[in-house]
Amino acid sequence: MAAPEPTVEISLQRQRMLEWRRESQLVDVTYRVIRERRGQIAVVILALLVFGAAFASVLTPHDYAEQIRGARLESPSWTYPLGTDHLNRDMLTRILVGLRISLLVSASAVAIGAPIGVGIGYLAGYSGGWVESVLMRLIDTMLAFPGLLTAMVVLAILGTGLREIAITLGIGAIPVFARLARGQMLQEKEREYVIAARSLGATPLRIILRHIAINTLPPLLVQAALVMAFAVIAEATLNFLGLGASPPIPTIGILLSDARQWLTSGAWWYILFPTLVLSLILISLNFLADAIVEATNPYARNR
Amino acid sequence: MTSFMVRRSAEAVLVVFLASLAVFFAVRLIPGDPATLIAGDDASTEDVFEVRERLGLNDPVVVQYWDWLSSAVTGDFGTSFTRNQPVGSVLSNSVQPTIELAIAGYILATLIGVPIGIMAGIKPGGFADYFATAFTVSTLGIPNFILGLLLLWVVGVELGWLPVSGRVAFSDDPLQALKFLILPTIAVGSSLGSVLSRFVRASMQEVMNQDYVRTARAKGLKERDVVLRHAMRNALIPVITVAALQVGGLISGALVVEVVFSRPGFGSLLIAAVVGRDYVLLQALLAVLVAIFIAANTVADITYGFADPRIRVR
């Protein structure tokens, strides 16, 4: 007689989960993303990378600028898992710190570009008329300049450095978000639920934030993941070109630029590991974007 | 068609003009007084004033812009103060390596992207499609300058098959020039090739479901003719625009890859201009690059008009 009870228990949990998912779209999307194969790969890799980046100082006994006596260009071993560089520094430590910088700079770029861009896009889409024309022409002009070139000009104005790179890439991300958000706003503002909210006397700000923003979230998340991937590449490129941090700060771009000088020394670990870490970030961000698209695709629903 | 071309070119000229304004004023925002930089550290106030007067920096900004634009049109971009050379000759000395790399990269991208995209699009889920996906994922994970570094390391250093860095002009020794060009071209062209293959695949997949493809099959054409004569020609039309829009990314990619392979071109020039805050050189470089992008987009639009008659009747 006791046998049926667990099934009831499980179905109650299921019920609660379903209700929870129904209430919040974010929960629903997250649930669907971690059920996707690509989403799982992305989440696991990103979690590992973030963990490594956050606890770099605990995970390795060395400092990123510490020069270890007698350990010049050592190949990977138990003492130095990823080898050492030409200035006797532990590569694992330097890569983890570089990874931290890479993630922080690119996340800041998204944190700067997304709110401003989405704000401009929503404003343009909601108000229409000359406000829309002026804002969108400005955005089009920004889009006319290729990303990396704009970044270099802004760096010439602001001066070089990591904070400057984050600001520059954030500015560069504005038009992409603005275009997307405007398109969504144009689509959503005619929907019944918006008209219903308006007829109930909701203010435009409330309609935008509480109704439209929540409904247009998934495509913006996809865009955020892709913009972050672009920012990771751009950050590495600008640092590689010497327009970013100055020594001894290790960024992935600087590590690669140093490794380029030592290609003929046979130190394969010097170039291979920074490349590998960068590829892992990029592939997992792209997979994450794919998984969100898949998770919010109406044809693939009801799973 | 002529009126379409004229209208489209006029629009392009207007955009170039607006872009030149943007470039000019953006460069003015660079901190530091160029006159003080040019006159040197131990110059007296009079010297600095004299330099300002000579460069026309005391004139209103609008007059400065007009002076710059009117001489830029004739090819006179002023004198670079980090190199003490007329910017025009600095640019013409280093434009060739960049252009040849960009063109080679573009050709390679088309040669990779179009066939892969077509094969993947004909049979989604087939072998070619898996190959296309693998190719896409690997180019997403490896940005072009890192691909350049890896090629430099494996093919150039470890295997020693191709020269590692530098450039030989085609006019000096075509075979040698080609050897120097191969690795940078692969680095520049692969990512664009993968972008193109994705678009061609999507476009091809759509076209293969069209009625006229079914008609072509129904009247007994060989599958090869259906694909090559009916489907492909229509599938490639939207790709023209995509391909042209990528020119900006392609050239910025070429600029970075040039630095990886130590090729003397716009890339190293641009970095020198940014680091040295050489505003005369920087604004000339930007103006030329932006003009190239806009020209590419215009040419694409016009080609699109030729390829698809529906476009030009608007």
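## Helices 6 and 8 of chain B

In this predicted model, helix 6 of chain B crosses helix 8 of chain B with a left-handed sense. Helix 6 covers residues 127-141 and helix 8 covers residues 174-208; their axes sit 9 Å apart, at an angle of about 140 degrees. An angle over 145 would count as roughly antiparallel, and this pair is therefore oblique.

On the helix 6 side of chain B, the residues involved are A132(B), F135(B), T136(B) and T139(B). They meet S190(B), S191(B), S194(B), S197(B), R198(B) and R201(B) of helix 8 of chain B. Sorted by class, that contact has 2 nonpolar, 6 polar and 2 charged residues. As for the spacing of such positions, an α-helix has 3.6 residues a turn, so residues three or four places apart point the same way.

## Helices 11 and 13 of chain B

Here the crossing is right-handed, with helix 11 of chain B passing helix 13 of chain B. The two helices (residues 247-260 and residues 279-307) pack with axes 9 Å apart and an angle of about 145 degrees. Helix 11 of chain B brings V247(B), G248(B) and I251(B), while helix 13 of chain B brings L289(B), I292(B), F293(B) and A296(B). That gives 6 nonpolar residues, 1 polar and no charged ones.

## Two spots in chain B with positive phi

Helix 9 of chain B, residues 211-218, is hardly covered: of its 8 residues, the number that count as buried is 0. Just after this helix comes G220(B), with a positive phi of about 90 degrees.

S262(B) also has a positive phi, about 50 degrees, and it isn't a glycine. You'll find S262(B) in the loop between helix 11 and helix 12 (266-275) of chain B. It has 15 other C-beta atoms within 10 Å, so it counts as partly exposed.

## Chain A as a whole

Chain A is built from 13 helices and 0 strands. Its C-alpha trace spans about 75 × 70 × 30 Å along the principal axes. Of its 303 residues, 44% count as buried. Take the contacts in chain A with a separation of 6 or more: 69% of them come from residues 24 or more positions apart.

How far does the confidence go? The mean pLDDT of chain A is 86, with 94% of its residues at 70 or more. Where pLDDT is low, the predicted coordinates should not be read in detail.

## Helices 3 and 5 of chain A

L49(A), V50(A), G52(A) and A53(A) of helix 3 meet L96(A), L99(A), R100(A) and L103(A) of helix 5. By class, this contact divides into 6 nonpolar residues, 1 polar and 1 charged.

V176(A) belongs to helix 8 of chain A, residues 162-188. It counts as buried because it has 22 C-beta neighbours inside 10 Å. Setting aside neighbours within four places in sequence, V176(A) is in contact with G117(A), Q223(A) and V227(A). The C-alpha atoms of V176(A) and V118(A) are separated by 8.9 Å, although the two residues are 58 apart along the chain.

Two loops of chain A deserve a mention for their backbone. L73(A), in the loop between helix 4 (56-59) and helix 5 of chain A, has a positive phi near 45 degrees without being a glycine. With 17 other C-beta atoms within 10 Å, L73(A) is partly exposed. In the loop between helix 11 and helix 12 of chain A sits P248(A), and the peptide bond from P247(A) to P248(A) is cis, with omega near 5 degrees.

## Where the chains meet

Finally, the contact between the chains. It takes 28 residues from chain A and 32 residues from chain B. On the chain A side, helix 6 (129-144), helix 7 (147-158), helix 11 (217-240), helix 12 (252-261) and helix 13 (268-295) each supply at least two residues. That side of chain A has 20 nonpolar, 7 polar and 1 charged residues.

Definitions and conventions
Residues are numbered from 1 along each chain as its sequence is written. Chains are lettered from A and ligands numbered from 1 in the order in which they are written. This is a predicted model: local features need pLDDT of at least 70, side-chain atom pairs count only at pLDDT 80 or more; totals for chains, interfaces and linings use all residues. Two residues are in contact if their C-beta atoms, placed from the backbone, lie within 7 Å. Helices (H or I, at least four residues) and strands (E, at least two) are DSSP runs, numbered from the N terminus. Ala, Val, Leu, Ile, Met, Phe, Trp, Tyr, Cys and Pro count as nonpolar, Asp, Glu, Lys and Arg as charged, and the others, Gly among them, as polar. A residue is buried if 20 or more other C-beta atoms lie within 10 Å of its own, exposed if 12 or fewer, and partly exposed in between; C-beta atoms are placed from the backbone. pLDDT is the predictor's confidence in each residue, from 0 to 100. Axes are lines fitted to C-alpha atoms, for helices over the stretch in contact, and angles run from 0 to 180 degrees between N-to-C directions. Angles under 35 degrees count as roughly parallel, over 145 as roughly antiparallel, 65 to 115 as roughly perpendicular and the rest as oblique. A crossing is left-handed if the near helix is turned anticlockwise from the far one by less than a right angle, and right-handed if clockwise.
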